[in-house]
Amino acid sequence: MVSGIILTMIFAVGCTKENTPSSQGEPEEEKLKVYASFYPMYDFAANIGGEQAEIQLMVPPGVEAHDWEPTAKLMAEMEKADIFIYNGLEMEPWVEKLLAAISNDKLVVVEASSGIAPLKAEEHEEDHDHEDDEDHEHEDEDEDHHHGENDPHVWLSPIHAMKQAENIKNAFVQADSANQDYYEENYQDFAEKLRALDEKFMEELGNLKRNEIVTAHAAFGYLADRYGLEQVAIRGLSPQEEPSAARMAEITKFAREHDVKYIFFETLTSPKLAEVLAREVGAQTAVLNPIEGLSQEELSAGKNYITIMEDNLTALKKALGE
């Protein structure tokens with residue numbers, strides 16, 4: 001009797017050990033493990049990877065992408081990753097350190113901005129005119145520390161976003177050629193949405209009263225370049241950069257001369273400077289989202305790259321049409 005019970009227990013344990021990994025582990029093993037540096041890379045990867053990928057957003061919701069650095073724990077997890085996606089153009093200055101720290105021969109690394117002609121970082125007129133050269137040397141060094149000489153915010157042009165999505169799709173195909181048709185089809189669907197978004201921007205920003213936008217930081221160069229807008233930024237490429245008094249005076253003068261109705265601020269950084277400037281020139285404030293990261297609230301509301309770009313278009317139409 002006892003021996004029968006023992007045999008039953010051994011059999012039960014054997015079944016549990018044998019069946020659990022196959023029922024729970026196999027689907028996960030089949031999916032590509034993908035790490036995407038910050039939100040736009042995550043969104044593009046999700047559109048292409050679909051059901052075949054398990055995608056990890058590296059910069060957490062609500063965190064400013066410019067300030068983030070990977071943890072030792074995350075680096076250890078990436079030893080088992082299949083794909084690592086980053087923007088490039090020094091948006092993620094920690095990438096070199098990350099790749100040097102991990103030893104993963106199968107990892108497919110994709111710099112999503114590859115093949116896109118970069119815009120030079122915006123130079124403010126005061127950099128040439130202001131007498132206090134020492135201060136400006138310090139500001140330039142600070143900006144170089146964050147990004148270097150090129151503007152990394154390529155994803156804010158839907159046409160460049162399409163190229164980034166294509167680079168990401170190629171990485172998926174390289175890592176999982178058996179599902180090439182699936183990734184190609186997903187890319188074509190997403191590219192069509194981006195093309196439609198570009199056409200909508202082109203059409204709806206084409207005949208407005210003004211074309212000058214005053215922004216919290218110089219993130220919208222590619223968007224401005226694509227749709228014939230003039231970006232005047234309170235800060236440079238880094239949202240943490242503090243503008244000089246001369247710069248604030250220059251923007252105040254510009255806003256008054258061009259009858260600017262709205263000063264744009266962002267969701268993940270303090271709106272204080274935009275509010276001060278708006279009060280000074282009798283303008284209102286509104287959000288123009290650089291999509292460097294989404295807040296938890298935005299994610300919970302089901303926001304994504306396309307819907308936020310549509311929100312940006314609505315904000316631009318209102319600001320430039322009044």
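I looked up what the buried residues of helix H11 pack against: strand E5 (212-217), strand E6 (230-235), helix H10 (245-257), strand E7 (262-265) and strand E8 (284-287). The model is predicted, so I noted that local features need pLDDT of at least 70, side-chain atom pairs count only at pLDDT 80 or more, and totals for chains, interfaces and linings use all residues. Residues are numbered from 1 along each chain as its sequence is written, and side-chain values use heavy atoms, with hydrogens and water left out.

Helices (H or I, at least four residues) and strands (E, at least two) are DSSP runs, numbered from the N terminus.

Next I listed the buried residues of H11 (residues 272-281): Leu-273, Ala-274, Leu-277, Ala-278 and Val-281. Buried means under 20% relative accessible area, exposed over 50%, and partly exposed in between (1.4 Å probe, protein chains only). On the face turned away from the buried side, I found the exposed residues Lys-272 and Arg-279. Just after H11, Gly-282 takes a positive phi of about 70°.

Then I turned to Phe-190, which lies in helix H8. Is Phe-190 buried or exposed? Phe-190 is buried, with a relative accessible area of 1%. Leaving aside neighbours within four places in sequence, I found Phe-190 in contact (heavy atoms within 4.5 Å) with Asp-43, Phe-44, Asn-47, Ala-165 and Ile-306. The C-alpha atoms of Phe-190 and Phe-44 are separated by 8.3 Å.
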